[in-house]
Amino acid sequence: MLSKALLRLGASAARHPWRVIAAWLVAATLAVLAAVAFGGRNADSMTAPGLDSQRAAELIERAGTGQEGMTAQVVVTPLDGAATFFGHDSARTALTRLQTEVGRLPHVLGTSDPAGALDAAGDAAVRGGLVSADGRIAVVRVQYPDQSRLSAEDLHALVDLGDRLRAELPLRIEMGGHLFYAFSDPDNGTSELIGLLAAAAILFLAFGSLVAAALPIGMAVFGLTVGVATMTVLAGVMEVPTFAPILGSMVGLGVGIDYALFVLARHREYLARGLGPHEAAGRAVATAGRPVVFAGGTVVVSILGLAVANVPFMTVGGVAVSIVVLTMVLASVTLLPAFLGAAGPRLGRAGRLGRALRAGRLGRALRTGRLGRRRGAAPGTVPAAGWRRRIGHVSRHPVPYAVGAAGLLLTATLPLLGLRVGLPDDGSLPRSRTERRAYDLVAEGFGPGTNGPLVIAADPAGDPGVLDRLVATVAADPGIASLAPTHVDRATGIAILVVFPTTSPQDKATADTIARLRTDVLPTAVGHGPARAHVGGAAASLSDVGRRTSQRLPAFVAAVLAMSFLLLMLVFRSVVVPLKAVLLNLLSIGAAYGVMVAVFQWGWGGALIGLEATVPIVSFIPMFLFAILFGLSMDYEVFLLSRVREEYLRTGDNGTAIVEGVSGTARIITSAALIMVAVFLSFAVADDPSTKMFGLGLATAIFIDATVVRMVLVPATMTLLGRTNWWLPKWLDRMLPRGPVGTDAESTGEDPRPRPADR
């Protein structure tokens with residue numbers, strides 16, 4: 001039985017703490033060494049089988065034009081406001097030198113030649129999109145090989161060159177492009193550090209002990225080190241997307257500290273009952289560890305369900321994040337009890353600083369139940385009086401609370417009706433970033449569509465007139481501003497046509513232009529013969545991925561809901577409880593989506609997280625968020641309902657079980673939610689808009705789930721349903737195996753009747 005195995009595992013780890021800690025140290029060291037020796041670089045392949053953009057990418061690769069590699073762009077304008085590249089020799093000389101030095105950088109395959117075009121004829125430079133019509137802005141496009149052959153050193157070399165030339169040339173120099181997106185890390189671990197510090201502060205306030213606060217942090221750091229290093233090793237054998245380490249750190253820190261908090265709270269409860277540290281640790285792992293294993297497994301299964309989208313980078317990203325979550329679960333049932341055993345009985349009492357805080361105003365809040373326990377009560381032995389009063393009030397007035405809370409969440413969900421997926425570009429970055437300044441210069445000089453060119457790959461298949469018709473029909477489309485000269489590969493005959501839309505990459509009109517090119521323009525040009533043409537490029541790829549994830553999202557949601565319903569039915573021996581849980585989780589996730597739309601698309605409160613322009617929601621984020629959030633919400637669901645069911649089996653009274661179970665877990669759930677929210681919000685202030693979306697979406701959903709849902713809707717709806725909560729047809733009860741979550745008595749063999757301290 002799982003509970004007995006966890007009991008033995010936790011007790012053994014507590015009795016031999018230094019062996020377990022040493023084993024984890026060895027594991028962390030080996031993981032880091034393996035990452036250094038065998039790890040790969042993260043890469044973004046925003047394509048999927050069967051998409052039109054993927055077919056374009058395959059033609060581009062066959063043509064060998066180098067278009068399939070990484071790119072960067074250096075955007076320059078004279079510091080002298082009256083100078084232009086047309087009539088000022090000093091500006092043109094400076095441009096020539098910059099272009100030459102950029103071309104000498106390691107791994108640079110070549111650059112565009114605005115200086116040469118200016119020497120030939122100013123009109124040629126303008127027609128080629130290398131110099132703006134007023135002569136004030138020039139663009140040097142830099143071609144690199146594919147991402148697997150590059151590293152952050154290539155980005156550093158380009159940035160260092162720019163810093164040096166700014167001091168030597170009479171030019172304003174800004175840079176951007178795919179190279180920055182792939183290798184820049186402006187956060188430098190700041191978000192993780194802020195999240196850890198916030199979590200430490202919340203843990204100290206919850207437990208009043210520096211030792212108790214340090215143990216979950218230490219466990220999370222160990223687990224994150226092993227998990228992220230393993231993710232790096234995985235990147236050596238497959239393309240792990242660049243967002244995976246960030247998302248893995250975000251989710252790993254949140255769930256790791258949460259899981260440790262659940263186990264630590266039970267451990268302190270058992271210490272207060274008079275058990276020794278080793279036995280208390282074993283029982284804590286046997287009781288709180290079971291929901292941790294179940295909840296962690298649910299998170300992993302939900303994330304792995306992303307494979308249903310048939311988008312490889314999402315599937316691999318899900319696998320990478322799942323590795324971190326599994327590592328945190330393993331650390332919670334092995335490393336944490338070792339820490340608990342090493343700490344001994346000190347965890348059962350607050351430290352000096354904790355006692356001093358409790359003596360003041362904060363202490364009174366802690367004693368009255370706002371953050372902690374009642375005066376004179378041992379840690380975790382009784383539900384806080386303040387929480388009991390609040391939950392009792394909800395249970396006595398279930399209808400207004402249920403209607404009010406549901407109405408609030410439904411209102412927050414309404415903006416979801418305006419959800420628009422797309423591609424936030426460098427125009428959404430802060431103006432302090434050179435990528436944003438380069439983006440603005442390009443948009444000013446050449447039009448917004450120049451920042452997101454489309455690449456049309458065509459195979460004429462022996463039809464000599466296809467290319468002329470293709471150029472003519474594409475140029476005539478109202479969504480196309482200009483075309484670069486067509487490149488034809490002599491060996492394959494494949495033609496590559498780079499076109500610039502009239503609108504920016506994140507504009508909905510750009511997606512409409514892509515759709516029109518595919519359905520009307522290209523079929524007209526190639527006709528019914530063997531020739532074929534496809535639209536690729538970053539904007540087209542993200543548009544295609546967004547369309548596919550939108551199409552697959554209903555099936556994915558249905559699969560996750562069905563899985564969660566079946567698992568919860570198995571665990572809690574009820575049909576009503578899992579159905580209610582599924583519906584309430586949908587409400588909290590829908591509200592989080594609504595908040596994201598209001599902030600990122602409508603700009604409400606965007607300045608609070610450093611968002612300087614409205615942006616669409618990144619196409620793959622809604623599905624990713626659903627997988628993660630549904631799994632995380634099960635943490636609190638299992639933890640809370642395990643206590644409610646425990647009380648119900650002990651007393652047989654539904655009302656008492658709700659009040660005692662919810663209030664008995666309220667402090668831990670609230671503290672855990674505060675930790676997760678703090679960790680996630682620390683990522684919401686990052687520069688990258690995708691990271692902001694993950695951070696804000698996760699933080700909002702967890703906050704809503706732990707407050708409005710768990711503390712209001714759950715007790716209100718369970719009160720209204722009464723004994724129906726635990727209804728299960730007898731024929732179904734006989735068919736279902738026993739689940740992994742039960743009462744303390746079922747786990748540890750102790751007397752299920754309440755002890756004097758529990759009354």
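Val26, Leu30 and Leu33 make a nonpolar surface patch of about 290 Å², where a patch is built from residues with over 30% relative accessible area and no salt bridge, nonpolar side chains (Val, Leu, Ile, Met, Phe, Trp, Tyr) being joined within 5 Å, and where accessible areas come from the Shrake-Rupley method with a 1.4 Å probe, only the protein chains shown counting as cover for residues. Of these residues, Leu33 is found in helix α2 (residues 17-38), helices being DSSP runs (H or I) of at least four residues, numbered from the N terminus.

The model is predicted, so that local features need pLDDT of at least 70 and side-chain atom pairs count only at pLDDT 80 or more, while totals for chains, interfaces and linings use all residues. Residues are numbered from 1 along each chain as its sequence is written, and side-chain values use heavy atoms, with hydrogens and water left out.

With a salt bridge taken as a side-chain nitrogen of Lys or Arg within 4 Å of a carboxyl oxygen of Asp or Glu, the count comes to 24 salt bridges.

Two helix pairs are tabulated, with axes fitted as lines to C-alpha atoms over the stretch in contact and angles running from 0 to 180 degrees between N-to-C directions.

| Helices | Axes come within | Crossing angle |
|---|---|---|
| α1 (residues 2-15), α12 (residues 277-287) | 7 Å | roughly 145 degrees |
| α10 (residues 210-234), α15 (residues 335-343) | 10 Å | roughly 150 degrees |

In α1, residues including Leu6 and Leu7 meet residues of α12, contact meaning heavy atoms within 4.5 Å.

Note on methods
Helices (H or I, at least four residues) and strands (E, at least two) are DSSP runs, numbered from the N terminus. Patches are made of residues with over 30% relative accessible area and no salt bridge: like charges are joined within 9 Å, nonpolar side chains (Val, Leu, Ile, Met, Phe, Trp, Tyr) within 5 Å.
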